[in-house]
Amino acid sequence: MDTLELFATGRRAPTRYIATIHDSGGERGLLVDTAEAEGVQFAPTHSETTARLAQILEPGLAPINPLDAWGTGNDFDRIYRDCLLALDADPATGLCLFVSDLWPAGDIGSTYVDVALEIQPRLKKPLAFLANLSSVASDELTSRLREARIPVLMGTETGLRAVRHFIEYCEYQRRRAAREPEPAPAVVEPSQVADLRGELTEAIGPLDEYSSKRFLRAYGIPTPAEVIAASLDETLKAAERIGYPIALKTAAGETHKSDRGGVRLHLKDAASLSEAYHDLEARFGPRVLAQQMVSEGVEIILGLVNDPQFGPMLALGMGGILVEVLKDSRLLILPTTRAEVRETLFSLRGAALLKGARGRPPIDVEAVVNAALRLAALAADLGGQIAALDINPLIALPTGVVAVDALIVPM
């Protein structure tokens, strides 16, 4: 509710930093500790702001942010008014928080509200109140503030968490507004796009791995050498063309081939390939995919999710057979940028693997970014006809990436 109240005003923070004003040193200390835990940062005040606060405050009060402005209580309405205006005018301030419990007894809380309503038309940044002890906040005072579109955040922890959501959203929108347009990383001929659209339109279910990868190759996403075969003889001939070792997979349309034993890896010769083929044939049928083995690397998942509200979104995370267990992935609204994809990669919990772990070399991060942007280009052309697309895994190597499995689900 605190988050919604901040957003509902329509005002947005121009920086990621907050300025706060208090009438209690103890509550200021509580707010500082909680802000650190919640990842909320205080604005580093400009020297002119510090000098102005020093002129306003009573002797003995430090002109710093967060600011405890309560001294003797004499002329406190003027002091709080002028301090708020000084904090609001500082270039680093994105949001001002007036921290007060708004007690129903006495006239202090009422005066705070009067001050806020008086200066509101002059403020350049959003202003919100925060009540540490929300259960005692006066309904009358909070109503007066809310009627004037000044949010009242009910609680230190929830209020600061709402502030973080608000600040992060505003920062995200500033980055999106300022970013340079990204050139399309892959150019597909209009006739080829039309052919791919036609295939999606005619599909009566999910495309198999081989067909799905043809879409990826069209947009420049690397895939391993592979051949569809329908007999042992065709499989052996395919392996000779590709070169051992071979990965052999059922091509019977299974969506979780590894879970059902439909994948056999590191087949080094015709004998092991024949044994694997007979096993898959007996359980799934004769149609198989013979595929070049790819070197071990970091397994990434790339994909598209067609959200009813936001349209096609790019999924990016740590992949492999444990992807549904680890749940280490993020979604990016499209269109996106190289910088956003790279930042998202390094925000994953498994990001240490990208830099090299336990003696392994670091991966080619830019190759992962390129693959993600090529998938975004595919979404721009075909996203309206795709309910979901998974590349899992995309093997990230020290030089380059390879999409070793893929699935496209048409709308």
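Keep in mind along the way that the model is predicted.

Let us begin with the helices. Find helix α4, which covers residues 76-89, and then helix α5, which covers residues 108-119. Their axes come within 10 Å and cross at roughly 40°. The crossing of the two helices is right-handed.

Which residues of α4 and α5 meet? On the α4 side, look for Phe76, Asp77, Tyr80, Arg81, Leu84 and Leu85. Their partners in α5 are Ile108, Thr111, Tyr112, Val115, Glu118 and Ile119. Sorted by class, this contact has eight nonpolar residues, three charged ones and one polar one.

Now turn to the second largest pocket, whose volume is about 530 Å³. Three elements each supply at least two lining residues: α7 (156-178), β13 (329-333) and α13 (338-345). Where does the largest share of the lining come from? Helix α7 provides it, with five residues.

What classes of residue make up the lining of this pocket? Seven are charged, six are nonpolar and three are polar.

Conventions
Residues are numbered from 1 along each chain as its sequence is written. This is a predicted model: local features need pLDDT of at least 70, side-chain atom pairs count only at pLDDT 80 or more; totals for chains, interfaces and linings use all residues. Side-chain values use heavy atoms; hydrogens and water are left out. Axes are lines fitted to C-alpha atoms, for helices over the stretch in contact, and angles run from 0 to 180 degrees between N-to-C directions. Helices (H or I, at least four residues) and strands (E, at least two) are DSSP runs, numbered from the N terminus. A crossing is left-handed if the near helix is turned anticlockwise from the far one by less than a right angle, and right-handed if clockwise. Contact means heavy atoms within 4.5 Å. Ala, Val, Leu, Ile, Met, Phe, Trp, Tyr, Cys and Pro count as nonpolar, Asp, Glu, Lys and Arg as charged, and the others, Gly among them, as polar. On a 1 Å grid over the protein atoms alone, a cavity is a set of points where a 1.4 Å probe fits but cannot get out, and a pocket is an open set with protein on both sides within 12 Å along at least five of seven lines; lining residues have an atom within 4 Å of a point. Grid points are joined across faces, edges and corners, and a volume is the space filled by probe spheres set on the points.
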